[in-house]
Amino acid sequence: MSMEEVSDDEEEMYVFAILKAHKDSLSYSRSNGENIISIRVHSSSSKQAFRIMAGLVTGILLGAVLKMVLSDGGINWVDSIILTPIQVCLFRH
């Protein structure tokens, strides 16, 4: 059964959902007539560090551009409409 096929078995559906969610971490090979699936447990830490740094730099640049382009009222609007709801969702328990 391929990753695109749909099954009626509920357990198989969960297995396929998990496999599809982690397909970037999966590889397979065929040996002695059997498919062998290997799963990479963790990804490269340098790739994660790069993504974090890219996000920080992008945030700083976007903030600087918005500060240069928008008036005080526009900055307050962005803060109240966009940033405050995100902070409420992420930081309140």
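Analyst: One term to start: buried means under 20% relative accessible area, exposed over 50%, and partly exposed in between (1.4 Å probe, protein chains only).
User: So how much of the protein is buried?
Analyst: Buried residues make up 5% of its 93 residues.
User: Is this predicted or what?
Analyst: This is a predicted model, where local features need pLDDT of at least 70, side-chain atom pairs count only at pLDDT 80 or more, and totals for chains, interfaces and linings use all residues. Residues are numbered from 1 along each chain as its sequence is written, and side-chain values use heavy atoms, with hydrogens and water left out.
User: What does the pLDDT average?
Analyst: The protein averages 80, and 82% of the residues score at least 70. pLDDT is the predictor's confidence in each residue, from 0 to 100.
User: Where is confidence lowest, and where highest?
Analyst: Lowest in strand β2 (residues 34-39), with a mean of 70. Helix α2 (residues 45-69) is highest, at 91.
User: How many helices and strands?
Analyst: Three helices and two strands. Along the sequence they follow α-β-β-α-α. Both are DSSP runs, numbered from the N terminus: helices are H or I with at least four residues, strands are E with at least two.
User: New topic. Where is Asp-8?
Analyst: Asp-8 lies in the segment before α1 (10-21).
User: Why does Asp-8 count as exposed?
Analyst: Because its relative accessibility is 80%.
User: And Trp-77, where is that found?
Analyst: In helix α3 (residues 72-91).
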